[in-house]
Amino acid sequence: TPKDSVINAWWDYGHFFKTLSGRRVIFDPQSQHMTLSYWMAQVLLTKNENEAINILRMLNNSSSTLFEEMQAEIKDDFQRIALLKRVLNSNEKEAREILGKQNISDKLKEKIMDTIFFKKPAPAYFVVDKSMIFKMYNISFLGNWNFSKVYVLKNNNLPKNKVIEGLMEIFSLSKEQAENIYSETILATTEDELNEILSSRYSIKFVVEKGRENNGVVYFDNGIVLNLADFSARALSIGEGYKKYRNVFVHDNNKISLYEDKDADYKEGMLFFKNNNEWKGVGLTKDLAQSLFAKLYFFGGLDLKYFEPFYIDKDGGMYIYKIKWPVNE
């Protein structure tokens, strides 16, 4: 990689990347307590590649400082994060419209636009590896942090109607959405229960390997069966026969297919893919199957515009992508 490259990855191996490659990193053990944890988790979890590239451009151009710089004109933390998230989930035109409605200086508006859409970062590479499979339970808890519910928690000393109004104004929610969020948060009775309400976890429950394909059906040793005709999957339950999975994602022949059965027995999802012509399966949360992490790790970057395979080691479980920064005029 070019000497001025920046390695984008989860924080674990930050010091290894710096020491062994002599390259800069976006995230390391010394910065794991900062807002970088939230933003990088968001990148890994999002289903929207455009949102992911916007966040990565922001991080590579300004690390975590843009949010802090906005504080001079937007004092309220919740207003700041809500605005920034709306911009990051927009295209250039939409972002200008969003910022045009804000009572902030033109200088700050241009700073936000330049950092997220125009300024070209240094060459950058994105790394995912097999150790992340079972870290996603905790990564998702950080990335799915619900700021609207935190807002309720921080303002529970105010009258309900004031909190509802704040939710609607700051987070662009309908009255019904705001009331539901308020109720869910206020009803939490223990600290553990509250933690789980303020976020949600995605998980990878198990991995199955060495699926044997025979006449359009793939058989796994643990009793899971995948039908390639309709992409349905079922698992053998001792004493109860076969039970179907609700959501099944299959990566085969350079395409991703989805099977859904709302009346299925298992609410969990299954993701199937070929690795060196051998079928593998992963039991996981549906939303995680649609995430950028899944597309980078399980699907080899299939259908992604901004992540170009750079180094792929399927046996070792190491996937490195060159980030292709979009050109905005």
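L20 is exposed, with a relative accessible area of 73%. The model is predicted. L20 sits in helix α1, which covers residues 14-21.

**Helix α11**
- Helix α11 has twelve residues, 175-186.
- At 1.5 Å a residue, α11 should span 16 Å, and its end C-alpha atoms are 16 Å apart, so the two values agree.
- Four residues of α11 are buried: A178, I181, Y182 and T185.
- They cover an arc of only 100 degrees around the axis, so they lie on the same side of α11.

**Positive phi in two loops**
- Most residues other than glycine have a negative phi.
- F231 is not a glycine, yet its phi is positive, at about 65 degrees.
- F231 lies in the loop that runs between β6 (224-227) and β7 (232-237).
- The relative accessible area of F231 is 18%, under the 20% cut-off, so F231 counts as buried.
- D303 is not a glycine either, and its phi is positive, at about 70 degrees.
- The loop between α14 (292-297) and β12 (307-313) holds D303.
- D303 has a relative accessible area of 63%, over the 50% cut-off, so D303 counts as exposed.

Definitions and conventions:
Residues are numbered from 1 along each chain as its sequence is written. This is a predicted model: local features need pLDDT of at least 70, side-chain atom pairs count only at pLDDT 80 or more; totals for chains, interfaces and linings use all residues. Side-chain values use heavy atoms; hydrogens and water are left out. The expected span of a helix is 1.5 Å times one less than its number of residues. Buried means under 20% relative accessible area, exposed over 50%, partly exposed in between (1.4 Å probe, protein chains only). The arc is that of the directions from the helix axis to the C-beta atoms.
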